[in-house]
Amino acid sequence: MPRFHNINGVRVQFTEAEELAGDAKAQAKIDGAFDRKIESLREQRNSLLAATDFYALSDVTMSAEMTTYRQDLRDLPSGLSTVSDVENVTWPTKP
C-alpha cells in the first residue's frame with residue numbers, strides 16, 4: 001500500500017527510497033521490541049532484588065525461602081526468547 005506525506009499542503013506519494021527507509025525504520029522498531037521488553041523486565045527484577053538486599057547483610061539470617069526467592073529473581077531472564085515470553089513471565093512470590 002503506498003504511503004503519502006504532505007508537502008506544502010499537497011499530498012505526495014513516497015518515493016521508492018522513502019518507502020524503503022520507512023520499512024527499515026518500522027523493522028528496526030519491531031526488531032528492538034524484545035530488547036526493550038527484556039530491559040524493562042531486568043529493571044523490575046533489579047528493583048525487587050534491591051528491596052530484599054538487607055536480608056543478605058552479614059548480621060541478618062536469610063531464610064531458605066528468601067534465598068530461593070532471590071535466586072528465582074536472578075534466574076528470571078534465562079530462557080526468555082520472545083516478546084511473548086517476557087510479557088507472560090511468572091514472577092516468583094515473595095515469602
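The legends below describe close-up views of a predicted model.

**View 1. The largest nonpolar core of the predicted model has ten residues.** Its members are Ile38, Leu41, Leu49, Met66, Tyr69, Leu73, Leu76, Leu80, Val86 and Val89. Helices α2 (33-50) and α3 (64-75) each supply at least two residues of this core. In soluble globular proteins, nonpolar side chains tend to be buried together.

**View 2. Leu80, one of the core residues, is shown with the residues it touches.** Leaving aside residues up to four places away in sequence, Leu80 touches Phe34, Ile38, Leu41, Asp85, Val86 and Val89. Ile38, Leu41, Val86 and Val89 also belong to the largest nonpolar core.

**View 3. Helices α2 and α3 pack with their axes 9 Å apart.** The angle between the two is about 160°, which makes α2 roughly antiparallel to α3. Their crossing is left-handed. On the α2 side the contact involves Arg45, Leu48 and Leu49, which meet Tyr69, Arg70, Leu73 and Arg74 in α3. By type, the residues of this contact are four nonpolar, no polar and three charged. Leu49, Tyr69 and Leu73 are also listed in the largest nonpolar core.

**View 4. Helix α1 (residues 16-31) meets α2, and the two axes come within 4 Å.** These axes cross at roughly 35°. Lys29, Ile30 and Asp31 of α1 make the contact with Ala33, Phe34 and Arg36 of α2. The residues of the contact of α1 with α2 comprise three nonpolar, no polar and three charged. Phe34 is also one of the residues touched by Leu80.

Conventions:
Residues are numbered from 1 along each chain as its sequence is written. This is a predicted model: local features need pLDDT of at least 70, side-chain atom pairs count only at pLDDT 80 or more; totals for chains, interfaces and linings use all residues. Side-chain values use heavy atoms; hydrogens and water are left out. A nonpolar core is a set of buried Ala, Val, Leu, Ile, Met, Phe, Trp, Tyr and Cys residues joined through side-chain atoms within 4.5 Å. Buried means under 20% relative accessible area, exposed over 50%, partly exposed in between (1.4 Å probe, protein chains only). Contact means heavy atoms within 4.5 Å. Axes are lines fitted to C-alpha atoms, for helices over the stretch in contact, and angles run from 0 to 180 degrees between N-to-C directions. Angles under 35 degrees count as roughly parallel, over 145 as roughly antiparallel, 65 to 115 as roughly perpendicular and the rest as oblique. A crossing is left-handed if the near helix is turned anticlockwise from the far one by less than a right angle, and right-handed if clockwise. Ala, Val, Leu, Ile, Met, Phe, Trp, Tyr, Cys and Pro count as nonpolar, Asp, Glu, Lys and Arg as charged, and the others, Gly among them, as polar.
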